[in-house]
Amino acid sequence: MKAAVIHGPGIIKYDTVDDPKLKDARDIILKVTATAICGSDLHIYSGGVPQVRPMTLGHEFMGIVEEVGTAVKNLKIGDRVVVPFPIACGHCFFCNHDVPGNCENSNPDNYGPEGGLVKEKGGALFGFTDLYGGYDGGQAQYVRVPYGDYGPRLVPDELSDEQVLFLTDIFPTGYTGIDWGEVKGGESVAIFGAGPVGIMAAKSAWLRGAARVIIVDTLQYRLDKANQTAGCETILWENEKDVIEQIRSMTEGRGADVCVEAVGFEPDRNLIDRAKAVINLEKGSPKVLEACMSAVRRSGIVSVLGIYPTPYDNFPVGQFFDKGLTLKGGQAPAHKHIDTLLNYVKEGKVKLDDIITHRLPLSEVAHGYSIFKKKEEDCVKVVMDPWK
Ligand SMILES: NC(=O)c1ccc[n+]([C@@H]2O[C@H](COP(=O)([O-])OP(=O)(O)OC[C@H]3O[C@@H](n4cnc5c(N)ncnc54)[C@H](O)[C@@H]3O)[C@@H](O)[C@H]2O)c1
Ligand SMILES: [Zn+2]
Ligand SMILES: [Zn+2]
């Protein structure tokens with residue numbers, strides 16, 4: 001079959017690889033009909049999250065059930081499903097506590113309680129490096145889905161692939177940022193990053209009754225897209241000081257009730273920031289997280305959706321304590337929210353496909369990664385067809 005395989009930083013190829021096979025009675029094989037590139041894939045593509053051996057990427061995919069393991073009783077060949085991005089067993093301590101990203105069974109070689117730099121990581125994710133289970137991803141014609149009786153959700157025929165594809169990751173992830181923020185109605189929410197995740201957080205903030213939704217980005221075209229698709233107030237990031245001041249001045253000097261970090265450890269940075277990171281032996285920078293901690297009000301909540309894989313010196317723990325902040329972060333518990341969110345889509349309460357800017361055949365995957373990473377061609381979200 002054809003698949004998008006990473007061969008090292010900046011090198012993603014449209015390769016011919018072996019078809020996946022059932023390995024466990026709970027597996028299914030899915031024929032992929034649509035797949036997308038996520039900002040998380042970009043961290044592997046940049047080398048910031050390393051993967052040494054070639055691997056098929058992709059954790060945002062959906063399709064038609066092609067084969068079912070003998071233990072899978074709730075699905076049959078021909079069913080159409082979307083698949084949440086964490087690989088989770090459905091019955092361990094953490095699955096039972098609705099945090100599938102910490103599943104104790106899906107990542108046997110590299111799982112542990114510590115959450116270290118290169119060991120004792122969390123549960124597995126599709127197509128997301130050997131440290132996270134080493135499973136091939138869904139930017140391919142077929143994919144093996146472990147625990148096929150737990151993750152996949154049936155989708156109604158009347159909804160197109162594009163209408164439901166983002167239930168795999170970015171919609172539940174954006175929603176998680178707002179849920180962690182305990183938005184109940186009337187709050188001010190400031191979202192850093194107007195990428196797909198940030199825009200989905202903005203849509204979710206409105207669904208949960210926020211009074212004000214402000215979104216921040218370094219790129220005007222991303223802010224324009226956020227405004228068109230999620231009706232946000234926008235702030236162009238030129239430097240963190242101005243952004244923080246603007247958010248405070250919009251919120252009676254206090255700061256936003258909730259800040260959502262939807263950028264991660266590889267933000268746009270100036271030369272001074274880059275030099276500081278080199279001196280401190282740091283990979284990337286927590287500067288956007290720090291800006292969130294300044295822009296949120298005292299006793300507010302910061303939801304950290306952007307990925308942070310490494311430790312950082314000088315993290316502002318004094319500010320955390322003085323302001324009495326709550327920080328919540330991690331892989332989003334997609335399984336927890338997917339059914340509620342699928343209902344919102346069915347009921348027409350939210351539209352997800354309006355963020356798509358590029359529809360490409362999988363054969364053009366290298367181009368897709370390149371424009372999404374470099375923010376060229378006003379790219380916001382790339383969806384690929386593995387059969388073209
Ligand atoms: N927690 C989870 O479960 C989960 C799920 C999906 C994605 N993610 C992570 O969320 C983050 C965003 O993903 P995405 O798909 O939206 O990626 P993306 O790269 O398209 O979006 C990031 C956005 O941040 C903007 N940005 C860069 N520097 C900035 C700065 N200094 N201030 C404000 N904005 C800045 C970029 O211009 C871009 O629009 C990534 O780190 C990704 O790995 C996490
Ligand atoms: Zn993702
Ligand atoms: Zn589990």
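Modeller: In this predicted model, helix α6 spans residues 220–230, and its buried residues are Tyr221, Arg222, Leu223, Lys225, Ala226, Thr229 and Ala230. The cover over these buried residues includes α5 (196–207), β12 (212–217), β13 (233–236) and α12 (365–374). Just after α6 comes Gly231, with a positive phi of about 50°.

One of the covering elements, α12, also packs against helix α1 (residues 39–46): the two axes come within 10 Å and cross at roughly 100°. An angle of 65 to 115 degrees counts as roughly perpendicular, and α1 and α12 are therefore roughly perpendicular to each other. On the α1 side the contact is made by Gly39, Asp41, Leu42, Tyr45 and Ser46, and on the α12 side by Ala366, Tyr369, Ser370, Phe372 and Lys373. The residues of this contact comprise five nonpolar, three polar and two charged.

The second largest pocket holds about 920 Å³ of space. Its lining has 44 residues, with His43, Ala262, Val263, Glu266 and Lys375 nearest the centre. Elements giving two or more residues to this lining are α1, α4 (170–180), α5, β12, α9 (287–295) and α12. Helix α1 gives the most, with four residues. By type, the lining of the second largest pocket divides into 21 nonpolar, 12 polar and 11 charged residues.

Terms used. Residues are numbered from 1 along each chain as its sequence is written. Chains are lettered from A and ligands numbered from 1 in the order in which they are written. This is a predicted model: local features need pLDDT of at least 70, side-chain atom pairs count only at pLDDT 80 or more; totals for chains, interfaces and linings use all residues. Side-chain values use heavy atoms; hydrogens and water are left out. Buried means under 20% relative accessible area, exposed over 50%, partly exposed in between (1.4 Å probe, protein chains only). Contact means heavy atoms within 4.5 Å. Axes are lines fitted to C-alpha atoms, for helices over the stretch in contact, and angles run from 0 to 180 degrees between N-to-C directions. Angles under 35 degrees count as roughly parallel, over 145 as roughly antiparallel, 65 to 115 as roughly perpendicular and the rest as oblique. Ala, Val, Leu, Ile, Met, Phe, Trp, Tyr, Cys and Pro count as nonpolar, Asp, Glu, Lys and Arg as charged, and the others, Gly among them, as polar. On a 1 Å grid over the protein atoms alone, a cavity is a set of points where a 1.4 Å probe fits but cannot get out, and a pocket is an open set with protein on both sides within 12 Å along at least five of seven lines; lining residues have an atom within 4 Å of a point. Grid points are joined across faces, edges and corners, and a volume is the space filled by probe spheres set on the points.
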